[in-house]
Amino acid sequence: MTIEIVLLCIVSFFAGFIDSIVGGGGLLQTPAMLIILPQYPIATLFGTTKIPSISGTSFAAFRYSQHVRINVRLLAFIITAAFCGAILGAYCISIIDSSAIKPVILALLVATGIYTYSKKNFGLHEEKNHSALRQVITGLIFGFVIGFYDGLIGPGTGTFLILAFISFLGYDFLHSSAYAKYVNVATNLAAIIYFAGTNHILYQFAIPMAIFNLAGSFLGTRLALLRGNRFIRIFFLVVVFGTILRFAYDVFFKG
């Protein structure tokens with residue numbers, strides 16, 4: 001038991017570090033849970049990871065809010081949609097075969113990586129030319145869809161949120177990362193409510209992992225704020241590449 005907690009706490013620290021910058025901490029945390037605690041149901045392991053995830057993400061959201069101006073009205077709409085999507089996704093995890101969705105996600109990730117790499121200025125400057133109504137409608141759509149994905153599958157949610165804020169709303173990497181953290185807190189909270197209500201959280205693992213995830217988030221957020229958009233862009237590409245490898249393995253070797 002002690003060795004398992006130590007290993008999971010180490011993984012959670014690095015997950016918090018990665019997640020606070022560009023999302024994708026679940027790429028480390030979720031597989032680690034599956035490998036280290038194979039005796040538990042998948043839903044229980046997914047539910048357990050949400051506690052450390054919300055810990056680090058909440059801290060990152062708070063830190064970003066001290067340095068980045070937030071459109072609270074727009075964020076409220078997106079958070080509401082993401083929360084509802086995540087509740088539905090958490091419910092559907094037991095009735096939908098997520099392996100059928102992964103090839104589509106893999107294709108989107110490859111396209112994302114190619115586009116971000118080829119467009120050197122992608123996410124480096126703000127380009128907001130949308131009306132307030134269009135921003136709200138767009139945010140409601142991608143908020144619900146990504147929230148559903150987070151409740152159903154999880155890993156890479158923060159990365160997809162950052163991509164959505166840049167691509168659809170024209171924010172730069174720093175602002176997108178800040179907004180993504182708030183939305184990710186909502187999706188994690190929705191999943192926690194569902195999984196806690198169905199007794200799918202192992203608190204003896206979740207609480208110490210949350211402390212280490214918070215420490216990783218502190219370091220990652222500080223580094224992102226100091227280094228700015230170009231650093232976040234590079235980190236984003238690295239995480240997208242790692243996400244591609246993860247889903248490619250699931251699609252071609254585990255399928």
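Contact, in these notes, means heavy atoms within 4.5 Å. I'm working from a predicted model.

**Entry 1: T157**

I started with T157, which sits in helix α7. I skipped its neighbours within four places in sequence and listed the rest: T157 is in contact with I146, Y149, D150 and N184. Is T157 buried or exposed? I get a relative accessible area of 3% for T157, so I'm noting it as buried.

**Entry 2: the cavity**

Rolling a probe the size of a water molecule over the atoms shows where empty space is left. With a threshold of 30 Å³ or more, I count one cavity. About 220 Å³ of space lies in the largest cavity.

Which residues lie nearest the centre of the largest cavity? I wrote down G26, K50, S53, D150 and G154, out of 23 lining residues. Then I sorted the lining of the largest cavity by type and got 15 polar, five nonpolar and three charged residues.

By helix, I found that α1, α2 (26-36), α3, α6, α7 and α8 each put at least two residues into the lining of the largest cavity. The largest share of that lining is from α3, with four residues.

**Entry 3: N213**

N213 lies in helix α9, which covers residues 203-227. Its relative accessible area is 3%, so N213 goes down as buried. I also checked N213 against L45: they are 168 residues apart in sequence, and I get 16 Å in space, C-alpha to C-alpha.

**Entry 4: G23**

Next I went to the loop between α1 and α2, where G23 has its place. G23 comes out at 0% relative accessibility, so it counts as buried. Leaving out neighbours within four places in sequence, I see G23 in contact with I18, G158, T159, I162, K181 and V239. For a distance check I took I78, which is 55 residues away from G23 in sequence and 17 Å away in space, C-alpha to C-alpha.

**Entry 5: nonpolar cores**

I looked up the largest nonpolar core and found 47 residues in it. Which of them touch the most other members? My list reads I21, V22, F165, I232 and F235. At least two residues of this core come from each of α1 (2-22), α3 (42-65), α4 (72-92), α5 (102-118), α6 (132-152), α7, α8 and α10 (229-254). The most is given by α10, with nine residues.

Apart from neighbours within four places in sequence, I21 is in contact with Y64, I162, S177, K181, G220, A224, F231, I232 and F235. A second, separate core turned up as well, with 12 residues, including F46, A90, I201 and A206.

**Entry 6: aromatic pairs**

How many aromatic pairs does the structure hold? I count 11 aromatic pairs. One of them is F165 with Y179, a tilted pair with 5.2 Å centre to centre and 35° between the planes. F165 is in helix α7 (residues 157-169) and Y179 in helix α8 (residues 173-197), so this pair ties together parts that are 14 residues apart in sequence. I get 0% relative accessibility for F165, which makes it buried. Y179 is buried too, at 1%.

I also looked at Y194 and F195, an edge-to-face pair with 5.6 Å centre to centre and 75° between the planes. Y194 is partly exposed, with a relative accessible area of 24%, whereas F195 is buried at 1%.

**Entry 7: N199**

Last, a backbone check. N199 isn't a glycine, although it has a positive phi of about 60°. I place N199 in the loop between α8 and α9. Buried or exposed? N199 counts as exposed, because its relative accessibility is 70%.

Conventions: Residues numbered from 1 in each chain as written. Predicted model: local features only at pLDDT ≥ 70, side-chain atom pairs only at ≥ 80, totals over all residues. Heavy atoms only, no water. Phe/Tyr/Trp six-rings, centres within 6.5 Å; stacked < 30°, edge-to-face > 60°. Buried < 20%, exposed > 50% of the residue type's maximum accessible area, 1.4 Å probe, protein only. Core = buried A, V, L, I, M, F, W, Y, C linked by side-chain atoms within 4.5 Å. 1 Å grid on protein atoms, 1.4 Å probe; cavity = no way out; pocket = protein on both sides within 12 Å on 5 of 7 lines; lining within 4 Å. Points joined across faces, edges and corners; volume = space filled by probe spheres on them. Nonpolar A, V, L, I, M, F, W, Y, C, P; charged D, E, K, R; others polar.
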